Amino acid sequence: MKDTAKHQGLRNQLVTLLQGKGISDKNVLEAIKKIPRHLFLNSSFADYAYQDKAFPIAAGQTISQPYTVAFQSQLLEVKKEHKILEIGTGSGYQTAVLCLMGAKVYSIERQNELFKQTSVLLPKLGIRPKHLSFGDGYKGIPNHAPFDSIIVTAGAPIIPQALMAQLKIGGRLVIPLGEEKQIMTLLIRKNETQFEKHEFGDFKFVPLLENKN
């Protein structure tokens, strides 16, 4: 669990790269500057952890590239104490970014192996989400709803109705939509029945699957 001056230097370079790609939210950049991404990866990838690339993790999943994490986090417009529902805890890196931005994070993971790993790793790093659970992301976490925002970290063929229902009025849902490749989509809830939709170009994610594994 070492985090060295060399790692910090690599993080600073990564933040400069992300700024060059258009990430401007200071809270997002500060979180990425602080979080030891190399500790979220298999040790064989640790030397590459601060490249702007996705890497394989356990259970056939991936840790998203830093730009994608930063882009989704920026779209959420996170404020301190915001209640955020994260669908797909994965490595826990996105969870960590949101926690460092001051959000109360409720995260759900359908792969038991990943759920167990992340439940151990995050507290070791001093990162404490409000709620980590093993379950089906399509259903969300209704007993903790409504949420200020919802982030989905896997490609979804459709927007799950349950997630739309669990979003506060004025809340933001960020989800990559599509089968082969995905379009990053932002929904803003206007009232009980209406959502405003914005699209932000192509991204590539592992698929969002129903039912836990």
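Helices here are DSSP runs of H or I with at least four residues, numbered from the N terminus. The model shown is a predicted one.

**View A. Serine 73 sits in helix α3.** S73 is found in this helix. Is S73 buried or exposed? Buried means under 20% relative accessible area. S73 has a relative accessibility of 0%, so S73 counts as buried. A polar atom of the S73 side chain lies 2.7 Å from the backbone oxygen of V69. In a helix, residues three or four places apart point the same way, because an α-helix has 3.6 residues a turn. Now look further along the chain. Beyond its neighbours within four places in sequence, S73 is in contact with V28, V78, Q94, V97, L98 and M101.

**View B. Helix α3 as a whole, residues 66–76.** How many of the 11 residues of α3 are buried? The count is 10, so α3 is largely enclosed by the rest of the structure. The buried residues are P66, Y67, T68, V69, A70, F71, Q72, S73, L75 and L76. After the helix comes E77. The phi of E77 is positive, near 50°.

**View C. Helix α4, residues 93–100.** Of the 8 residues in α4, 7 are buried, so this helix is largely enclosed by the rest of the structure. Y93, Q94, T95, A96, V97, L98 and C99 are the buried ones. G102 follows α4. The phi of G102 is positive, near 95°.

**View D. Aspartate 148 in strand β6.** D148 has its place in β6, which covers residues 147–152. Not counting residues up to four places away in sequence, D148 touches E81, H82, K83, L167, K168, G171 and R172.

**View E. Strands β7, β8 and β9.** Start with β8, residues 182–189. This strand is mostly covered, with 7 of its 8 residues buried. On one pairing, β8 meets β7 (residues 167–177) in the antiparallel sense over 6 bridges. Find L173 and look across: L187 in β8 stands opposite. The hairpin of β7 and β8 has 4 residues between the strands. In this hairpin, G178 takes a positive phi near 140°. On the other pairing, β8 meets β9 (residues 195–203), again antiparallel, over 7 bridges. Which residue of β9 is the bridge partner of I183? It is D202. A hairpin of 5 residues joins β8 to β9.

**View F. The largest pocket.** Rolling a probe the size of a water molecule over the atoms shows where empty space is left. The volume of the largest pocket is about 450 Å³. The pocket is lined by 32 residues, and T62, S64, T153, A154 and V206 are the closest to its centre. Which elements each supply at least two lining residues? They are β2 (62–63), α3, β3 (83–87), α4 and β4 (104–109). Helix α3 gives the most, with 3 residues. What kinds of residue make up the lining? The lining divides into 13 nonpolar, 15 polar and 4 charged residues.

**View G. The second largest pocket.** This pocket holds about 220 Å³ of space. Its lining has 13 residues. Nearest the centre lie F40, L41, N42, I57 and Q117. Helix α5, residues 112–124, gives the most to this lining, with 4 residues. The lining divides into 8 nonpolar and 5 polar residues, with no charged ones.

**View H. Lysine 2, before helix α1.** K2 lies in the segment before α1 (5–20). Is K2 buried or exposed? Its relative accessible area is 68%, so K2 is exposed. Residues count as exposed at over 50%. K2 is in contact with H7, H38 and L39, leaving aside its neighbours within four places in sequence. K2 and P176 are 174 residues apart along the chain, and their C-alpha atoms are separated by 33 Å.

Key
Residues are numbered from 1 along each chain as its sequence is written. This is a predicted model: local features need pLDDT of at least 70, side-chain atom pairs count only at pLDDT 80 or more; totals for chains, interfaces and linings use all residues. Side-chain values use heavy atoms; hydrogens and water are left out. Contact means heavy atoms within 4.5 Å. Buried means under 20% relative accessible area, exposed over 50%, partly exposed in between (1.4 Å probe, protein chains only). Two strands pair if DSSP finds at least two bridges between them. On a 1 Å grid over the protein atoms alone, a cavity is a set of points where a 1.4 Å probe fits but cannot get out, and a pocket is an open set with protein on both sides within 12 Å along at least five of seven lines; lining residues have an atom within 4 Å of a point. Grid points are joined across faces, edges and corners, and a volume is the space filled by probe spheres set on the points. Ala, Val, Leu, Ile, Met, Phe, Trp, Tyr, Cys and Pro count as nonpolar, Asp, Glu, Lys and Arg as charged, and the others, Gly among them, as polar. A polar contact is a pair of N or O atoms within 3.5 Å; within protein, one must be able to donate a hydrogen and the other to accept it, and residues adjacent in sequence count only if both atoms are side-chain atoms.
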